[in-house]
Structure formats: structure tokens, C-alpha cells
Amino acid sequence: MVRELTHFIGGQHVTGTSGAFGDVYDPSLGQVQARVPLANAEEVGAAIANAAAAQPGWAAQNPQKRARVLMKFLTLVQDEMDELAALLSSEHGKTLADARGDIQRGLEVIEFATGIPHLLKGEYTESAGTGIDVYSMRQPLGVVAAITPFNFPAMIPLWKLGPALACGNAVVLKPSERDPSVPLRLAELFAAAGLPPGVLNVVHGDKVAVDTLLRDNRIQAVGFVGSTPIAQYIYETATAHGKRAQCFGGAKNHAIVMPDADLDDVADQLIGAGYGSAGERCMAISVAVPVGAETADRLVAKLIERIGKLNVGRSDDPAADFGPMVNRAGVDRVRDYIQLGVEEGAELLVDGRGLTVEGAEDGFFIGATLFDKVTPDMRIYREEIFGPVLSIVRADDYEAALRLPSDHEFGNGVAIFTRDGDTARDFAARVQVGMVGINVPIPVPIAYHTFGGWKASGFGDLNQHGPDSIRFYTKTKTVTQRWPSGLKESNAFVIPTMD
Ligand code: NAD
């Protein structure tokens, strides 16, 4: 018997009634370990109704009190870090150390959101006209929806929940149906931290649940992270239904390697950024662009040497550098792309398709794969593979290298490796990508800055976390006030006399 998960609505575990279920795997073993109910419109409606009923009371609590709930939540998650990481790793397939990182990067946004009393302060202009003052307030939107991907089942829900809840909103979270247990547990921990019932609801589901959220007029805003076609669909549908939306999509992140870079350091960094978490990261490096033939040849040799030493294993194996992919479909997609790359004429230097892990032969494993001489017209360059495949695109000079990420359809992250400040500075200024790393391969900004890609990697105009998230989850009200002469002008405080 596999476990059956529940929704979390109005502070209660609610058994699914739709009759539809999704399978949750243990990707290391390739076995189903739980089934997750997929909500129908009625169940999603119940979550929205609970959120709508709970939201005014939550918003009426002062921001310091809301911050205290987040503070308590931080300690509860920290106390349970090992169990949460094990649960996350067992459904996603990333290693335990990486699973802790997933939770930790989410907690940092909760920490940021505990500053909400300060973050919510408005603006004030005294005497904008004679006797006239103008001030602004930030007020919560009401009920908001969060729709999140499988690849960061703790971090991305927490990136939404921290700012949304701190601002006084109620949330309906629809996490990925592939690894739903950690988001569910996080909702329980929020409740244990004192979040009133109904302020955070978790409904599991697929397109049916998402479409209900997108069309319900009680939902004021939708925050989405996932693949680009779905991000675009959600952005268009949510905005067509009058909602605020920020939708983050797929990526093809380049690392430019200048001839003056320390190639041993670069190779180490690229191995981690390209293959960590089996490449299932939106900020993974999937394209390395060495500048000049000599740089390329030296880099390729160093990469091959390091790939040979990689250890792919079960996600609970402490010696594993990375674990399995999330499901069989992911493995099949990557295998197809590797085959396509060969057909397109790229040079396959390391082929991860033959990998098996002893004792876990049915697991969703695929080994690190390296292509050289990939060109911009190839589909393996243009499309997101989302697996442990690194492509080398050789560039003749800096300008050619700069054009590659700038002209690419995606614009999430990019990195440059160089020892020259002038080159790095020019690159950061001119590259057409949202997040830039200088000698940093995965430049995920820290919680109090903002995260967001450009072009097909992001739809909407405000980024995640940092100050943008407070703007996204509040609406601004601006008050212009003039007070006619009042008590101070009258003699009301003077002791009455008879004359
Ligand atoms: P996905 O698009 O398949 O799913 C994301 C969410 O959308 C899930 O909750 C899923 O249930 C829902 N969904 C799926 N199909 C839908 C449909 N037809 N209609 C409505 N909802 C639907 O993405 P994924 O496979 O879970 O995640 C991997 C993708 O997410 C990659 O493309 C990756 O680059 C991207 N990603 C982007 C960022 C970022 O910040 N830009 C971060 C993490 C992941």
C-alpha cells in the first residue's frame, strides 16, 4: 500500500474527493511511494473560500505580529531540517546536502520577510500644497495563488509564501504534483507557528486545479514558476482574468570563459553548475562558451577528466555528487536530446546514457553528458534540456561570446569567468540576461535582492523576493489630505467666561 497524501484546507488535512490521483515516485528506486490527489474545481473552490474568509483577520493583525509567526516558523523548520531534507530528497532525487540547500535558500526569504514592518512603510510628503500632505500605504491584495515547479519543492513555495503572507494576504498554494510532500509539511509547520487556519491552503493538482485558480475572481494575483510554455499560458490567462501575474519560465544559462580565467577553477565550477541536481535547476549552466580555440581545448580536457570522477548515486548516498532525475519522462527527454545532438552533428564527448547504479537499476538515472562543437542553429542549443547535459559552443572572440546569451530566446542567468575587471564590467553592462555572475556560476541573488530572468524566462514586470516581492503582493493607496481649521483655532480649551 502506498501512502495517500491529502490537501490542506482551512488548517485541516482534507482527503481528495475527485477520484483522480498522481503518482509520487522514489526516483532512486523508480518505485511509486505515494499517490497525490488531484483536486477538482470544487476542491480548489473550497480552498479559495477558506482563504477569502481568513484573509481579513490576518491582514488586521499588525505587521509585527505577522512577522512573529514567520520567526516561529523559521525555528520549527530549522528544528526539522534533517527530516525535511530527507523527505525532499526522497521525492525529488537531489542529494541530501542539496535538499538542505533547497530549504535553506527558501528560509532566507522568510528571514527577509520578517522585516515586514519596515518593508511595508509607505511614503510621506509634508505640505505638498498649502496645508496639504500626501502619503501612501501598502495594503494586501487579498487571496493570491502560488503555482510552483518540482525542482525546488521547498525554496520556491517559500519564496512566494514569505512575502505574500507577511504582507497580509492569504495564499492558495498549488505545488508540483511530482514532489508534493514537503510543501504540505511546510503548511503544517506554518499552522504550528500560529498562522490562522485558512490563511495558507495547499491543493494538489494539475491543469484542472490551475485553471480553476486562474479563472476565479476571488484570486487577485498569481505567482508561477515552471517551464516557459506554461509560464506564458498562465501569464496570459491570469492577466486576461484581471489578475496581477508574475510567471518565471525556463532557461539556457551560458558561462563565458575568457582566455585569462583560471581554467581549473572554471572546470570545477562548471561541473557543479552543469551537473548538480542532475541539471534540474533553472540556474544550471547548460552552455559553456570558451573564447578562443586554445581555451576551448584546455577547458574540454579538464571537464572530461572531472566528469570521469563524478559519482552518480541514490539521493541518500552521501558519496553521490548527484542523484536521479525526478521521473522516467525526464530521463527519456534527456536521452532523446542526446540522440538529437548526435544527429545534428555535435561532438558527443561523454555520453551519460549507459549509466546504471548498482542496487538501484530501476532508478531514473542518467550520467553527465558533454557535447563539444555545438552551434547556435542546433535544437540542443536553442531548447532547454533540463538534465545533466553541458554543451560547449566555441567563440572566436569576446564580442561573439557576448552575443550568444544576448541573442538567445531565454535570459535567466549567465556567468563570465575572467580575471579582467574591465571585461567583466563591460559584460555585466551589455549582456541581455536578467542575472549575471562574475566568476560565480549560479548567480541566484540573495533574498534581499530580487530574482528574475528576462525574455522567455520571465513574464510580468516584478521579480521574486527582495523589494519587488513586497510591491507584487501589495497594492498602493495614496492619500492626499487637507485639514480645514480645527480645534486648535477655536477657543474650546479656554475656560468659559461670562463676557
Ligand atoms: P512545469 O511547467 O511542468 O510545471 C510547473 C507547475 O505548473 C506545476 O505546478 C504543474 O502542475 C503546473 N502545470 C503543468 N502543466 C500545466 C498546464 N498545462 N496547465 C496548467 N498548469 C500546469 O515545470 P516543472 O517541470 O515542474 O519545472 C521545471 C521547469 O521550471 C523548467 O523549465 C525550469 O527551468 C523552470 N524553472 C524556472 C525557474 C525560474 O525561476 N525561472 C525556477 C525553477 C524552475
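## Domains, helix pairs and ligand shell

The domain assignment of the protein chain gives domain 1 (3–249 + 457–479) and domain 2 (253–438). The model is a predicted one.

**Exercise 1.** Determine how far apart the centres of domain 1 and domain 2 lie, and describe the side of domain 1 that touches domain 2.

*Solution.* Begin with the centres, which, taken over C-alpha atoms, are separated by 31 Å. Next, turn to the contact, to which domain 1 contributes 19 residues and domain 2 contributes 25 residues. On the side of domain 1 that touches domain 2, the elements giving two or more residues are helix H3 (81–92) and helix H4 (96–113), and H3 supplies the largest share, three residues.

**Exercise 2.** Classify the relative orientation of H2 and H6, and list the residues that make their contact.

*Solution.* The axes of helix H2 (residues 63–79) and helix H6 (residues 155–166) come within 9 Å and cross at roughly 155°. Since angles over 145 degrees count as roughly antiparallel, H2 is therefore roughly antiparallel to H6. The contact is formed by Arg 66, Ala 67 and Leu 70 on the H2 side, and by Gly 162, Leu 165 and Ala 166 on the H6 side. By class, the residues of this contact are four nonpolar, one polar and one charged.

**Exercise 3.** Carry out the corresponding analysis for H1 and H8, and state the handedness of their crossing.

*Solution.* For helix H1 (residues 41–60) and helix H8 (residues 207–215), the axes come within 9 Å and cross at roughly 45°, and H1 and H8 are therefore oblique to each other. The crossing in which H1 passes H8 is right-handed. In the contact itself, Ala 41, Val 44 and Gly 45 of H1 meet Val 208, Ala 209, Thr 212 and Leu 213 of H8, a set that comprises five nonpolar, two polar and no charged residues.

**Exercise 4.** Which residues come nearest to the ligand, and from which domains does the shell around the ligand draw at least three residues?

*Solution.* Among the 26 residues around the ligand, those that come nearest are Pro 149, Gly 226, Phe 248, Gly 250 and Cys 282. Taking the shell by class, one finds eleven nonpolar, ten polar and five charged residues. As for its origin, the shell draws at least three residues from each of domain 1 (3–249 + 457–479) and domain 2 (253–438).

Note on methods. Residues numbered from 1 in each chain as written. Predicted model: local features only at pLDDT ≥ 70, side-chain atom pairs only at ≥ 80, totals over all residues. Axes fitted to C-alpha atoms, helices over the stretch in contact; angles between N-to-C directions. Helix = DSSP H or I, 4+ residues; strand = E, 2+ residues; numbered from the N terminus. Parallel < 35°, antiparallel > 145°, perpendicular 65-115°, else oblique. Left-handed = near helix turned anticlockwise from the far one by under 90°. Contact = placed C-beta atoms within 7 Å. Nonpolar A, V, L, I, M, F, W, Y, C, P; charged D, E, K, R; others polar. Near = placed C-beta within 6 Å. Domains from an automatic or database assignment.
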